[in-house]
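Hello,

Here is the structure I promised to pass on to you. Have a look at it first, and then read my notes below.

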Amino acid sequence: MAVRADDVDLVRDRSLVELCQAGDLRAFGDLYDRYYARLLRFSMRRVGNAHEAEEITQEAFARAFSAMPRFAGERRFYPWLTVIASRLCIDSHRRAARSEPTAEVDLGGVEGGQQQVVDNVDLVYLAQAMEQLGPRHREVLDLRETQGWSYQQIADHYNVTMGTVEALLFRA
């Protein structure tokens, strides 16, 4: 939206600029209130992203405020502000052109403790699996894997053949 002649009050804007230069912060607040929405639309048309346009608008006002002591002559405030915003929009486009979005995101790494986490998860799964076994299969598997007994020791303990122990362990 272009600045229409009926929207601009050059005398009022010049007066507010002079008050701001004299140290009246409310005068800059009036300029901000007067032109914020318009400058936001201006920026939005150039960058196409509402969040980025808002950032640019805020930055343009911040830069205008800091440059206000050097604002001189018969310059009009809003056109000067749009020049600042235009340059910020160009900078935004340059930053966006330099960065390349990727489909894969590097999540980084966690130093230390990963194996313990994996082991703990494995123990939980193992406990759940063991609960689903019958009592005899659970006992034979526990003797072999946890206690470290040999096939022969398990066969002697249950008074069965080694083939029976092998079958029990295979089924478990």
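**What packs against helix α1**

The buried residues of α1 pack against α2 (25–47), α3 (50–67) and α4 (77–98). Before I go on, please keep in mind that this is a predicted model, in which local features need pLDDT of at least 70 and side-chain atom pairs count only at pLDDT 80 or more, while totals for chains, interfaces and linings use all residues. Residues are numbered from 1 along each chain as its sequence is written, and side-chain values use heavy atoms, with hydrogens and water left out.

Helices (H or I, at least four residues) and strands (E, at least two) are DSSP runs, numbered from the N terminus. Buried means under 20% relative accessible area, exposed means over 50%, and partly exposed is in between (1.4 Å probe, protein chains only). Contact means heavy atoms within 4.5 Å.

So which residues of α1 are buried? They are Asp 13, Arg 14, Leu 16, Val 17 and Cys 20. Seen down the axis of α1, these buried residues fall within an arc of 160°, so they line one face of the helix. The arc is that of the directions from the helix axis to the C-beta atoms.

The expected span of a helix is 1.5 Å times one less than its number of residues. For the twelve residues of α1 (residues 10–21) that gives 16 Å, and the end C-alpha atoms are 16 Å apart, which agrees.

Gln 21 is also in helix α1. Its relative accessible area is 32%, so Gln 21 is partly exposed. Leaving aside neighbours within four places in sequence, Gln 21 is in contact with Arg 14, Met 68, Pro 69 and Phe 71. From Gln 21 to Pro 79 there are 58 residues in sequence and 18 Å in space, C-alpha to C-alpha. Just after α1 you will find Gly 23, which takes a positive phi of about 110°.

**Helix α4**

The buried residues of α4 pack against α1, α2 and α3. They are Phe 77, Tyr 78, Trp 80, Leu 81, Thr 82, Ile 84, Ala 85, Leu 88, Cys 89 and Ser 92. With 22 residues at 1.5 Å a residue, α4 should span 32 Å, and its end C-alpha atoms are 32 Å apart, which agrees.

Take Ser 92 as an example from this helix. Ser 92 counts as buried because its relative accessibility is 10%. Not counting residues up to four places away in sequence, Ser 92 touches Val 47, Glu 52 and Ile 56.

**Salt bridges**

How many salt bridges does the structure hold? There are six, where a salt bridge is a side-chain nitrogen of Lys or Arg within 4 Å of a carboxyl oxygen of Asp or Glu. Here are three of them:

- Arg 95 pairs with Glu 52, the closest N and O atoms being 3.3 Å apart. Arg 95 lies in helix α4 and Glu 52 in helix α3, so the pair ties together parts that are 43 residues apart in sequence. Arg 95 is partly exposed at 43%, and Glu 52 is partly exposed at 22%.
- Arg 94 meets Asp 91 at 3.9 Å, N to O. Both lie in helix α4, three residues apart, about one turn of the helix. Asp 91 is partly exposed, with a relative accessible area of 29%.
- Asp 24 meets Arg 26 at 3.8 Å, N to O. Asp 24 is partly exposed at 23%, whereas Arg 26 is exposed at 68%.

**Two more places to look**

Val 117, Val 121 and Tyr 125 make a nonpolar surface patch of about 300 Å². Patches are made of residues with over 30% relative accessible area and no salt bridge; like charges are joined within 9 Å, and nonpolar side chains (Val, Leu, Ile, Met, Phe, Trp, Tyr) within 5 Å. Accessible areas come from the Shrake-Rupley method with a 1.4 Å probe, and for residues only the protein chains shown count as cover. Val 121 is in helix α5 (residues 114–132) and is partly exposed at 37% relative accessibility.

Finally, Asn 159 is found in the loop between α7 (151–158) and α8 (162–171). Asn 159 has a positive phi of about 60° although it is not a glycine. At 71% relative accessibility, Asn 159 counts as exposed.

Best wishes
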